[in-house]
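Here are my notes for your first look at this one. Have the viewer open beside you and go through the points in order.

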Number of protein chains: 2
Amino acid sequence: MIHSFLMIGQSNMAGRGFLKEVPPIYDEKIKMLRNGRWQMMAEPVNPDRSTSGISLAATFASSWRLFHNQQDDIALIPCADGGTSLEDWSVEGALFQNAVLQAKAAQKISTLRGILWHQGENDSNGEKYRLYGEKLALIIKTLREELNVPDIPLIIGGLGDFLQDGMYGQYFSEYHEVNKALIKFAEDHDHCYFVSAKGLTANPDNIHFNAISQRKFGIRYFKAFQQKTHILESLPDEDQMIETIYNRPLTKNEKIEQLQYQFVMGVVTANEFQDQIVLIH
Amino acid sequence: MIHSFLMIGQSNMAGRGFLKEVPPIYDEKIKMLRNGRWQMMAEPVNPDRSTSGISLAATFASSWRLFHNQQDDIALIPCADGGTSLEDWSVEGALFQNAVLQAKAAQKISTLRGILWHQGENDSNGEKYRLYGEKLALIIKTLREELNVPDIPLIIGGLGDFLQDGMYGQYFSEYHEVNKALIKFAEDHDHCYFVSAKGLTANPDNIHFNAISQRKFGIRYFKAFQQKTHILESLPDEDQMIETIYNRPLTKNEKIEQLQYQFVMGVVTANEFQDQIVLIH
């Protein structure tokens, strides 16, 4: 059985963590949608921009795997788009329509189990927070109707506390009010859980969660999903869960996938490939 | 006005040329589809796999720009998927359905002007070439009907002459017959033009066109489109056209895009960014 999750929002849902900063995660039971089909997850999961990198998707999926039947697959439907405002996500817009089409394509080959949302940086000025809850409610209500999933959990994450520290800090002067609007939204709506970004840190741009923070955020999103509760603090075991995920031994298929990647990228030669594939089999 | 092109096929349409081997191409009048919207092209254009790289898309678009009104935009709709057979592209399948959805989304915000196809490596054994023309005809006929574009050009490229030289050579024993089937298809169908891969070379895997060959292939695809003719040999001016494309001065917007990429990727600091942005403005 394949359990799928729709991932929507702006750049911090798409992911901008630097790939070189954390170990990769391979797991043949974690899929991602590409061109209407599943393939084994490889980061970046959500290639909305050439800057796309580590997102919360991988550890969300990996921690889901730790708590579920090992025969089941988890599958990611990446539809986040960098720099987009809540207005850009209105139900008449192209982003919303694309997310519906992608999710419907995924529903033909999986069961949709949850929606993950991270957005709000672009609404952190000009008093946009005042209408944030109302606008998000319409987006989620319409999405649930279109996909016929009235009760599946919606997990929404908070904005990082670093946003005002950087070169673009002036644009995020109301990030705290957006966070309050997100918490209130989660409190006011059934099947909706808020995940705090407390303690998470940024890339040098002070806009995007760094790779290790995205790894932690994914664990928190999963805990909120699993326990059906708001996560208002960092989790005592998030570092340990990340280690458990990294230390999982690779299966034969995953080793072959890694080796083929290195061959296609020119990192290993045909001779090296042939020597190493023998050791895997 | 925005003129769009649908790009379908397998990995050599998606592109596996190494990004580090050729200069990047920036042009704010070249767009690519992401999440139902246009954004400025940045390679890889077709992120079907983590191995995705340089494709023929960029020089196809750049050479189109050299011969068209400078006010017009060209836009790419990337739907190619690595390792896919002609059977995978059958009209009932997910790849075809995805390409139709993406192209229809693009048609809301552009005029579809052409279809670019490169596929056949996965059909280069087991006498699959015998039915290649017949199967491709049904795919293209159905695609034209669904998109309501009966007369727009279809450009189809040949397979590389290196395929039998590598570790996987045994799987490509009939690549020459597939090439003949592609040429015959182009000869037998109106508005269809064949583009030879003669002289193009491969990555060390002997499967994928290397970056410079993809640059040349894009020029040939454009010439076939522009002149409505088959391109059966390498072009005498393809290297020169590539130089012209590389030497085009960047606009202010393109320089800002490049600088922002470097800032988000942590390559330039906030201070360096602020120093350099002043020089652009």
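1. Start in the loop between α5 and β7 of chain B, where you'll find H191(B). (Helices, H or I of at least four residues, and strands, E of at least two, are DSSP runs numbered from the N terminus.) H191(B) isn't a glycine, yet its phi is positive, about 60 degrees. Most residues other than glycine have a negative phi, and most peptide bonds are trans. With a relative accessible area of 31%, H191(B) is partly exposed; buried means under 20%, exposed over 50%, and partly exposed in between, using a 1.4 Å probe and protein chains only.

2. A word on what you're looking at: this is a predicted model, where local features need pLDDT of at least 70 and side-chain atom pairs count only at pLDDT 80 or more, while totals for chains, interfaces and linings use all residues. Residues are numbered from 1 along each chain as its sequence is written, chains are lettered from A and ligands numbered from 1 in the order in which they are written, and side-chain values use heavy atoms, leaving out hydrogens and water.

3. Next comes strand β7(B), residues 192–195. C192(B) and F194(B) point one way, Y193(B) and V195(B) the other, and all are buried. In a regular strand the side chains alternate between the two faces of the sheet.

4. What does β7(B) pair with? Its partner is β6(B), residues 154–157, in the parallel sense over 4 bridges, with G157(B) opposite V195(B). Strands count as paired if DSSP finds at least two bridges between them.

5. E43(A) and P44(A) are joined by one with omega about 5 degrees, and E43(B) and P44(B) by one with omega about 0 degrees. P44(A) is in the loop between β3 and α2 of chain A, and P44(B) lies in the loop between β3 and α2 of chain B.

6. Chain A has its own positive phi at E127(A), near 60 degrees in a residue other than glycine. E127(A) lies in the loop between β5 and α4 of chain A and, at 42% relative accessibility, counts as partly exposed.

7. Finally, how do the chains relate? Chain A can be laid on chain B with an RMSD of 0.0 Å by a turn of 180 degrees and a shift of 0.0 Å along the axis. That is the relation of a two-fold axis. The superposition is by least squares on C-alpha atoms of residues with pLDDT of at least 70 in both copies.
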